[in-house]
Amino acid sequence: MKRMQGLFQTTLVAQGAFSLYRATSLRDAGGWPDAIGEDIVLTWKIMEQGARVYFEPLAVGFTSVPETFTVFARQRSRWSRGMIEGLRTVPPWRQQRGLAKVFTGLDVAIPFLDAAYVFLWIPGLVLACFGEFWIVGPMTIAVIPLTLAVYAVLYHYQNKRVFRPLGLRVRRNRLYFFLFVVIYQLFMSTFSVVGYVQELTGRNRRWK
């Protein structure tokens, strides 16, 4: 996703842990904002100035990750709140570049897609397991092997073009790869919906 967005010079989130910023662009955007999704809001404010945000696939960075399920859930909810903050602070129509308008505008649909996944896809999948194809049918379930194939291609491409030239070795864990493809979105969308509700109802911000 970052590689594709970078081709259009409109990378939507320059994460604080993996990014370099021009000091002038940072000052023009008003510095780091007081927001729970500060990197999202800052990136969109930088693009609002007409600046371009790039992605470098051969750059390597390391950061700490959630070590418990609870912290993981809060992080994902925080990210979804940050996207809502970005949409509120810099609506898509205020972007200077046409592609920035399009890419940030697509984010307007993401909360609805997450809600549809949680409240339609998951119940529909459960019903399909019992032979009731009211929402999810056999053709819909066929998306799973297609997704496995797409991620396998992406993995081999990244391994050949990025990891090997940098001397990095990625662990192969087929079980967790399968679980990532099949189950990860279940948690992501659920935690995101929680984050949207928290942001829209004005819940206190929490980083950990």
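User: What makes the largest nonpolar core a core, and which residues are in it?

Analyst: A nonpolar core is a set of buried Ala, Val, Leu, Ile, Met, Phe, Trp, Tyr and Cys residues joined through side-chain atoms within 4.5 Å. Leu 12, Val 13, Ala 14, Ile 40, Trp 44, Met 47, Val 53, Leu 87, Val 90, Ala 100 and Phe 103 make up the largest one, 11 residues in all. α3 (38–48) and α5 (98–106) each give two or more residues to this core. The largest share, three residues, comes from α3.

The model is predicted: local features need pLDDT of at least 70, side-chain atom pairs count only at pLDDT 80 or more, and totals for chains, interfaces and linings use all residues. Residues are numbered from 1 along each chain as its sequence is written, and side-chain values use heavy atoms, with hydrogens and water left out.

User: Why is Arg 94 called partly exposed?

Analyst: Its relative accessible area is 36%. Buried means under 20%, exposed over 50%, partly exposed in between (1.4 Å probe, protein chains only). So Arg 94 is partly exposed.

User: What makes the link between the side chains of Arg 94 and Glu 48 a polar contact?

Analyst: The distance is 2.8 Å. The definition asks for a pair of N or O atoms within 3.5 Å; within protein, one must be able to donate a hydrogen and the other to accept it, and residues adjacent in sequence count only if both atoms are side-chain atoms.

User: Which residue groups line the second largest pocket?

Analyst: The lining divides into four nonpolar, three polar and five charged residues.

Definitions and conventions. Ala, Val, Leu, Ile, Met, Phe, Trp, Tyr, Cys and Pro count as nonpolar, Asp, Glu, Lys and Arg as charged, and the others, Gly among them, as polar. Helices (H or I, at least four residues) and strands (E, at least two) are DSSP runs, numbered from the N terminus.
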